[in-house]
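Reader: Before we start, show me the model. I will ask what each label rests on.

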Amino acid sequence: MKITPKKTLEDLEFFTVLEHLAARCHTEMGKELALGISPLTERDAILLLLGQTSEYLSSLESDNRIPNHMFDRIDSEIKLLKIENTTLEIASFRKIGSICNTVATHKKFFKKFKIYFPLLFNKSEHIVFNNEIPRQIDAIIDRFGEVKDKASDNLFHIRRQMNQVKGKISQSFSSALNLYHGSDYLDDIRESVYENRRVLAVKSMYRRKVKGAVVGNSKTGSIAYIEPEATLKYSRELNNLEFDEKEEIQRILNELTAVIRPFASILADYQVFLAEIDLTAAKAKYGAEMNAILPKINDDQRLFLRDAFHPLLFLTNKQNNQKIFPQSIELHPENRIIVISGPNAGGKSITLKTIGLLQLMFQSGLLIPVHERSSVCIFTNVLTDIGDNQSIENHLSTYSYRLKNMNYFLKSCTSNTMFLIDEFGTGSDPELGGALAEAFLEVFYEREAFGVITTHYANLKLLANELPYVSNANMLFDGKTLKPTFQLVLGQAGSSFTFEVAQKNGTPYSLINRAKKKIERGKVRFDATIAKMQKERSKMAKTGSRLQEEELKARDEAARLEKLNAKIKAKLENYQELYDHDQRMIQLGNRINTAAEKYFVDKKKRVLVSELLRIVETENSKRKKKTSKQAKAERSKKIQVTQEVQKKVKVIRKKKVLEQKNAVLKEKFKPKPVFKIGDRVRMIDGKAVGSIDKLEKGKATINYGVFTSTISVTQIELVQREK
């Protein structure tokens, strides 16, 4: 179902996209298909086209390149095949054979790689391939475009006779040439070819001396071209055989045409299949040039375009190395209509065209240049009112034409329609036109249609704030420099900056004040308030981004300090444990020292042993006795830690070995410098630097100042070139 009006396609420059697409097709039929594309509304058909294009694009980015699909059109041949008793020429058979072979190649390729190209494989499977057509053609016509000798027994016999006669002609001509060679009858060139006949170049004064038929003269008349009498009868015989050959070839081509005639419809399918492959390839190439993707498709009537680019503007700016600003916008049942306001030349119209053109491209099976997280839906109709549409032929002014267009909108607008209106309500008295535009917008809202409009009218901005499923948006404008930033911001209306722009462009301040007095004070205050809010919003956005950066820095700093605190705490705990252990060891040492001094005085071993046993039992009583399970758990933990350490060591060793190998390979394939006399060099892994005095047979004589040394150039490295 194709119901998008032609005016929408013209307003959004959809036909320009089709021209770009056609320029990337390689076949004439593919170009015709490209120029005939129109948006679809059937979900399955759109998904199929997008999927095929996406698969072809993946082939361009991988090693599995889809084979060449070039072919010559066979429309005239198919028409002739449908007429009885017609005969195709050899060139036509070659084109048909080429198409058959190309189709066969594609079917084999898609069958081999059907895992990677399932949709294209299914497309090729619908084509019924007939081996009989190329087999019959190959049996008759060779790769040079000639009918084969064995195409029929009669043709083989005729050509064998022709070869024999040609041999006799050559033999008889050579005899005549030898006969007159000794005389002065022949010119210096002796022989020539005249009308594909080998002739003697006889001086005109001796033409009656040579037996044969005069077939022509030179431009000056000094030479007569004579076919020798001996070759004349063989030439007549050859002419008869050539006539027989033409008749036999015509008979063979008649039979071949009759054999292929029943397959005319199959050949038409082959041609259409290759043309559609050509169109799919052009779509993939076009998408690759603008970094286009296949976005997510939803059934929730949600259009979310993130970082969307206008395709035509993207390619133009890319070619001119100019910056292009992406836009993000979202329409859904809870936010069906967006009213964009802001100053002129701020990017409102481009944003409007970007939304509409991307929607048309998507519904035509074309990939679109958006972020991968974008999501799109299908609209049954896209309506536009963009630009100055005066109609001189119908005697319509801009406003009359726009009213006529709005009436068409009222008839066509449904809950599955997207409308795009630029400068809504302009062309008439601002008060009256604005009121009528407000009424139209309310009707579109009641019909639950989706849309985006641009306006300068304050009443439409107020209406967007009042209606629950309508929102304001504005194109940001730098209040200081009075330059557009080309950034769309949702949620707030924008000021037209009328007086500010006028002041910047040199309009006297007194004149601006006089203009302000001529309008209602409320309107001035309202526009000024919007402008002030927009400036504040811009400041808040900058402050927010700065605070966000500072917050990230603070988080990083807090995380760093937390890690540092944990390390310090762990170290303090370790120091405390070490201190407690040392104090315990000191006390134990003092007690052993006291027992030793007592033994030194009284030499009582039993007392010493009992004292030591008492000390040991006291220390053991402080230790907690571990169960077998705890001991086993500790051992397994130690083993696990050891294994983890070993694994880490292995990984580190592998990395080191790999780095060493890479270093060796890098050194091996590193381009060797060409040394010159005077270059400062040193030995590899050496420190002493000298200059080259002499180069000979792969060896260099290096002067170190005190002494010289001769060494191979492979063992030295460059330090500094000769200045």
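Reader: What share of the residues in the chain is buried?

Author: Of the 723 residues in the chain, 37% are buried. Buried means under 20% relative accessible area, exposed means over 50%, and partly exposed is in between, with a 1.4 Å probe and protein chains only. This is a predicted model, in which local features need pLDDT of at least 70, side-chain atom pairs count only at pLDDT 80 or more, and totals for chains, interfaces and linings use all residues. Residues are numbered from 1 along each chain as its sequence is written, and side-chain values use heavy atoms, with hydrogens and water left out.

Reader: What is the mean pLDDT of the chain, and which elements have the lowest and the highest values?

Author: The chain has a mean pLDDT of 82, and 85% of its residues reach 70 or more; pLDDT is the predictor's confidence in each residue, from 0 to 100. Over residues 390-395 pLDDT stays under 50. Where pLDDT is low, the predicted coordinates should not be read in detail.

Reader: How many helices and strands are there?

Author: The chain has 21 helices and 19 strands. These are DSSP runs numbered from the N terminus: helices are H or I with at least four residues, strands are E with at least two.

Reader: Why is the pair of Phe129 and Tyr270 called stacked?

Author: Rings of Phe, Tyr and Trp (its six-membered ring) pair if their centres lie within 6.5 Å; planes under 30 degrees apart count as stacked, over 60 as edge-to-face and the rest as tilted. By this rule there are twelve aromatic pairs. For Phe129 and Tyr270 the centres are 5.9 Å apart and the planes are at 20°, so the pair is stacked. The pair links distant parts of the chain, 141 residues apart: Phe129 is in the loop between helix H7 (118-125) and helix H8 (132-140), and Tyr270 is in helix H11 (residues 264-289).

Reader: Is each of these two residues buried, exposed or partly exposed, and why?

Author: Phe129 has a relative accessible area of 23%, so the residue is partly exposed. Tyr270 has 0%, so Tyr270 is buried.

Reader: What makes Lys603 a charge over a ring?

Author: The rule asks for NZ of Lys or CZ of Arg within 6 Å of the ring centre and within 35 degrees of the ring normal. Lys603 lies over the face of Tyr599, at 5.9 Å from the ring centre. Arg336 lies over the face of Tyr445, at 4.8 Å from the ring centre. Lys603 is in the loop between helix H19 (521-602) and helix H20 (605-622), and its relative accessible area is 54%, so Lys603 is exposed.

Reader: Why is Glu77 called buried, and which residues does Glu77 contact?

Author: Its relative accessibility is 3%, so Glu77 counts as buried. Glu77 belongs to helix H5 (residues 75-81). Leaving aside neighbours within four places in sequence, Glu77 is in contact (heavy atoms within 4.5 Å) with Leu88, Ser92, Lys95 and Ile96.
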